[in-house]
Amino acid sequence: DILRSKVARALKARAAAEKWSKEELLKSLDKDEDGSVSASDFTAACQACTDLEITTESAEQLFKHLDYDSEGKLSAETLETLTKTYYRVAAESILTAELSVAESIL
């Protein structure tokens, strides 16, 4: 799970740096444009992330873990799940147009 989290953060950071939407991130990973990402494309994408140090073997192991149906490719849905951002509520706050989260803590 630690490696999965690191890869997810690195892919999201790469998408943010390039100003890519989720669809554009998938397109950048999907070299043969079949709507899914192969093991070699996933490994190359992980290794292209400048803030992620990952071996080929580790990327391939993560790919196998994410390839739930053992088809040898990751679907758009799997990649979306990998790169989703989850938030945990630490304290209840009321958000209005006049008050942001940062201001509500003060």
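The model is a predicted one.

I will start with the overall layout. The chain has 6 helices and 2 strands. Reading from the N terminus, the order is α-α-β-α-α-β-α-α. There are 106 residues in the chain, and 28% of them are buried. The exposed surface comes to about 7700 Å², with 51% of that supplied by carbon and sulfur atoms. As for contacts, take those between residues at least 6 apart in sequence: 58% of them join residues at least 24 apart.

Next, the core. The largest nonpolar core holds 22 residues, and V7, F42 and L82 have the most contacts inside it. Five helices each give at least two residues to this core: α1, which covers 2-18, α2 at 22-29, α3 at 39-48, α4 at 56-66 and α5 at 76-83. Which helix gives the largest share of this core? That is α1, with 5 residues.

L82 shows how parts of the chain come together. Setting aside neighbours within four places in sequence, L82 contacts R4, V7, A8, L11, F42 and L66.

Now α1 itself. The helix has 17 residues, and at 1.5 Å a residue they should span 24 Å; the end C-alpha atoms are 24 Å apart, so the two agree. The buried residues in α1 are V7, A8, A10, L11 and A15. Why do these residues line one face of the helix? Looking down the axis of α1, the buried residues fall within an arc of 165°, so they sit along one face. The buried residues of α1 pack against α2, α3, α4 and α5.

The helix α2 can be described in the same terms. L25, L26, S28 and L29 are its buried residues. Down the axis of α2 they fall within an arc of 160°, so they too line one face. The face turned away from the buried side carries E23 and K27, which are exposed. What do the buried residues of α2 pack against? They pack against α1, α3, α5 and the strand β1, residues 36-38.

On to aromatic rings. A search of the whole structure finds 1 aromatic pair. The partners are F42 and F63, and the pair is tilted, with 5.9 Å centre to centre and 50° between the planes. F42 belongs to helix α3 and F63 to helix α4, 21 residues apart, so to speak of the pair is to speak of a link between distant parts of the chain.

C46 is in helix α3 and counts as buried at 1% relative accessibility. Not counting residues up to four places away in sequence, C46 touches V7, L52, I54 and A59. C46 and A8 are 38 residues apart in sequence, and their C-alpha atoms are 9.4 Å apart in space. T78 is in helix α5; at 15% relative accessibility, T78 is buried, because the cut-off is under 20%. Leaving out neighbours within four places, T78 contacts L66 and Y68.

Most residues other than glycine have a negative phi. K19 is one exception, with a phi near 60°. Where is S70 placed? S70 is in the loop between α4 and the strand β2, residues 73-75. At 61% relative accessibility, S70 counts as exposed.

Methods:
Residues numbered from 1 in each chain as written. Predicted model: local features only at pLDDT ≥ 70, side-chain atom pairs only at ≥ 80, totals over all residues. Heavy atoms only, no water. Helix = DSSP H or I, 4+ residues; strand = E, 2+ residues; numbered from the N terminus. Buried < 20%, exposed > 50% of the residue type's maximum accessible area, 1.4 Å probe, protein only. Contact = heavy atoms within 4.5 Å. Areas by Shrake-Rupley, 256 points an atom, 1.4 Å probe, with all protein chains shown as cover. Core = buried A, V, L, I, M, F, W, Y, C linked by side-chain atoms within 4.5 Å. Phe/Tyr/Trp six-rings, centres within 6.5 Å; stacked < 30°, edge-to-face > 60°. Expected span 1.5 Å × (residues − 1). Arc of directions from axis to C-beta.
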